[in-house]
Amino acid sequence: MCRIAGIFDPSLPNLERDILKMRDAMYRGGPDGAGIYIEPELGLALGHRRLALLDLSVAGHQPMKSADESIQIVFNGEVYNFQTIKADLEKNGYQFFTQTDTEVIINAYLFWGTACFELFNGMFALAIWDKKKQQLILARDYAGIKPLYYYISKKKLIFASEIRAFKAISPTWAESEDWKIPFLAYGHLPEPFTTLQDVQPLPKGSYAIIELPSLQIFIHPFYNYVYSEVVNDEVNAVSLVKKKVEEAVERHLISDAPLGVFLSGGIDSSILTIIASSLTKHKIKTLSIVFEEQAFSEELYQKMIVEQTGVEHHSFVVTNQMLREEFSQIMEAMDQPSIDGINSYFICKFARAYGLTAVLSGLGADELLGGYDSIRKSKLLKSLSLLPSFVLALTNYSPNEKIKRIAYLEDENLCNKYLFYRGVYSSRQIADILDLPVKKVLDVLNKVAVPSCNSNNEAQQACHVEQHLYMQNQLLKDTDYMSMWHGIEVRVPFLDKEVINACNTIGAPLKYNFKKKPKYLLIEAFKDVLPAAIWNRKKQGFTFPFAKWMNMIVPSIRGQKFEIKYEKLTQSLIHWSKYWTYVLAVSSPKDIIFLKKGFERVCFFNLDAFASMGGIEKFNRALLYGLSALEWESYFMADAASMYDSYGDDAYFANPNYRCYHKKKGLFVWKELLNSYKYKQVVLGHVNFAIFGLLIKLFHPTTKIFVVAHGIEVWGKITGLKKLLLERCNIILAVSHFTRDQLIKINNINENKIVVFHNTLDPYFVFPKHFAKPQYLLERYNIRQSDKIILTLTRLAYTEKYKGYDKVIDALPGIIKEQPNIKYLIAGKPDKMERERLLTLIKYHGLEKHVFLVGFVAEEEITDHYQLADVFIMPSKKEGFGIVFIEAMACGLPVIAGNQDGSVDALQNGKLGMLVDPENQQEIVATLTKVLQGNSYTAGQKKQLQDKVEGYFGYPQFYGNLKKQIVN
């Protein structure tokens, strides 16, 4: 069992690099060795990773060549009848130097040519390079047990065992535009679809001859499914099934590495265990999965078989916590989307931990011998098919999800019959999910095809599509990539060629007897050794408690369609598989989250975060970013809604999860109140959400409500609804100690519910490494390098005259007498009244050449303005915290702030900068003069200041505080 890859591309500059990338992207499927073969002048490269099971020595290394070196092969799989073929070849003069089936394939090809593939009984995907014929031959086994994907154009060929190998050499490989349509219908990707554009599977039971260098390709089938139905006697049929299954198990036990059996406690695995234990001299190992949820446990039946056979058995418990811990690995292991496979991931993981390299699985028995409910439904299908097509089409509009599937019978083909049995979403539902015309959906679904069925028996047709769709594209594919992820070979004796051929000779009425048990012939074949308690009970598939666990799995990008699906899931209106299919279709695996604390949703309601760029808005952005990060850490689902914003920003928070109401207050309150039942925790970004927050508390008393308190909005005497909100909320997040103290002293708020929650530097803030005045700003403002620059950056509003920049203007005349080369830049867009007030003040002091209202500063230029200055000053009296102070200091700039508000927190009570009395002009003059007369900070001092600010107010500190409050 291995992984293979190949490239033919004469234009490729570095064949070796690319074949290694492809090969090693699949390293987990071949941990025991690796090799490559390259013909650089031709542009051909083959790659191989080995999982050793036969001839564990270096003799089994691949790529392997023929004795005359005319043949090179890379091979993935096992040929179980290789010893018989080897004996025939030895009679014809062929010599062998290894104990591998790989060498047998080489010589079989040399002797019989491509006809050799018809002889092989096993699972295989291989590539043979015939140097003499200048042909590359790709082949895949009769049952499609092993995958083989390829891309071919006029210029190059690429093939591999996994889709991830194609992405390894081309990370930007285009996604197939249609793959979501069949996935939403089937819950897996039926052949010929893959997620990558123009990458397709080689059809099972076929080989492709590719001429090099012309790249002409000829695909030939070597195995066909034909139902001869010549065996119609029950005694003969039972005897045939028993004989062929026992012989298949014996063939599948050939291994030079540790081998065991998956024992679920069902009919198929129990039979395999019974047979295998009777055929081996040593004690065979078996393993199973059990759950804490007893309804899903088959431990009782597993113990019956263990006691009967004396095998060495181990049960492994899978819990919700384990699934959560392994979830990211499971998503990475999933080579192609599938709603199944998680169970295979765990059983293979445990098999490896148990010391096994290969295991037998009962996969295939249900599909061959009628173990599924589709056999029973086939009678119903026959009756429904008699209805007029318009009646069948009307079922699309039924509220019942199962009835909707009847609409597929409007077009009577094998694939639509399967979708009636197992379809996930109807064509109209798919069109709605993907916003596509129904015709487009139907056109794409019509590209799915299965081999024709030569039987008119509905039950046989049901099993036929189960084999070629469900088993082929879901069970086998999932088993392959999950087993290889753990370096485990899964063998499937029920898909032995002789077992398949034998089952296909049995008449359908005998094989699928509606009046008797499912898999009746298999039960009869082993009834003498199989406990009645195992076969005489309701079928229980190999499944997990997904219905219970699935509501903890969510996509990171959500929208209204997700909300509808999720609502239906949590109310048990849809099966978990529908929800899971939807999640996998709308999200890439890396964007799916498994919540750590169980189902929990948090919502942040803010006035605005992106419409402007003041301190509150920056706080809101940081909070959005933090909530998004906590969601990525899988603590909860985070949503947000803004009353005033018209847009969000994906850099801070996923846009589909950020609802903007464009200043439509009434709509905001109405719609978000209707949504509020979803949330266990709510963060209100401002006390102005009082009536909204109180209504949430009224309707949902257990919802935990946080209220952010910034500054002046809570410093005065608060009454009415705002006071009521502060009293009834759970936690108040005060941005500074000053705000906290005001809430306690003036408004008598319980101090135990107030938490100091400082603002932070923007998560994307880049600390300047080089400290120099930007030349473009010197030129823009006509400033000389020798000039001393004072900077204030704030919102300039006539109603916010407490910022203190006017006090700085008043102080300048006294400073300029000593230092005439001073320039004071006041940055921010002033309103009309404030502009007139400031210009009048500047003119009054005669400072037209020294004070400049520079207007709005673009966000990308803010750091440069800090770099331009020699000191930042804003002696405000009503600053909640003062984000500009920590930004300035993060640029290495000395800062002067007022000592009567939240600025004290931003400057850490003077540890980071200088605090002055905003009403004391002499103190402002003295402090500014001292800074401007002194030497500018050295680069080392600026870096030291940066480090201090980052330590106090860097985003990690903010995030840690948020996590402490919201998660704990």
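The following dialogue examines how terms are applied to one predicted model.

Student: On what basis do the values rest?

Tutor: This is a predicted model, in which local features need pLDDT of at least 70 and side-chain atom pairs count only at pLDDT 80 or more, while totals for chains, interfaces and linings use all residues. Residues are numbered from 1 along each chain as its sequence is written, and side-chain values use heavy atoms, with hydrogens and water left out.

Student: How many helices and strands does the chain have, and what makes a run count as one?

Tutor: The chain has 39 helices and 32 strands. Both are DSSP runs numbered from the N terminus: helices are H or I with at least four residues, and strands are E with at least two. The C-alpha trace spans about 115 × 65 × 55 Å along its principal axes.

Student: What makes a residue buried, and what share of the chain is buried?

Tutor: Buried means under 20% relative accessible area, exposed means over 50%, and partly exposed lies in between (1.4 Å probe, protein chains only). Buried residues make up 62% of the 968 residues in the chain. The accessible surface of the chain, from the Shrake-Rupley method with a 1.4 Å probe, comes to about 38,400 Å², of which 52% belongs to carbon and sulfur atoms.

Student: Why is Arg-491 called buried?

Tutor: Its relative accessible area is 0%, so Arg-491 is buried. Arg-491 is found in strand S17 (residues 489-491). Between Arg-491 and Gly-614 there are 64 Å from C-alpha to C-alpha, at a sequence separation of 123 residues.

Student: Why is Asp-101 called buried?

Tutor: Asp-101 has a relative accessible area of 4%, and therefore counts as buried. Asp-101 lies in helix H3 (residues 101-112). Its C-alpha atom is 9.5 Å from that of Ile-85, which is 16 residues away along the chain.

Student: Why is H3 described as largely enclosed by the rest of the structure?

Tutor: H3 is described in this way because nine of its 12 residues are buried. Among them are Val-104, Ile-105, Ile-106 and Tyr-109. The cover over the buried residues of H3 includes strand S4 (64-65), strand S5 (71-79), helix H2 (82-91), strand S6 (122-130) and strand S7 (135-140). Contact here means heavy atoms within 4.5 Å.

Student: How do you know that the span of helix H7 (residues 267-279) agrees with expectation?

Tutor: At 1.5 Å a residue, the 13 residues of H7 should span 18 Å, and the end C-alpha atoms are 19 Å apart, which agrees. H7 is mostly covered, with 10 of its 13 residues buried; Ile-271, Leu-272 and Ala-276 are among them.

Student: What makes two strands a pair, and how do S20 and S23 pair?

Tutor: Two strands pair if DSSP finds at least two bridges between them. Strand S20 (residues 601-606) and strand S23 (residues 681-684) have four bridges and pair in the parallel sense. Phe-604 has Val-683 in S23 as its bridge partner. Four bridges also join S23 to S24, and these strands run parallel; Gln-681 stands opposite Lys-704 in S24.

Student: Which strands form the open sheet, and what makes a strand an edge strand?

Tutor: Seven strands form the open sheet, in the order S22-S21-S20-S23-S24-S25-S26, with parallel pairing. Strand S22 (658-660) and strand S26 (754-756) are the edge strands, as each pairs on one side only. The twist averages 20° from one strand to the next. Helix H30 (residues 737-747) lies across strand S24 (704-709), strand S25 (731-734) and S26, at about 160° to S26. Axes are lines fitted to C-alpha atoms, for helices over the stretch in contact, and angles run from 0 to 180 degrees between N-to-C directions.

Notes. The expected span of a helix is 1.5 Å times one less than its number of residues.
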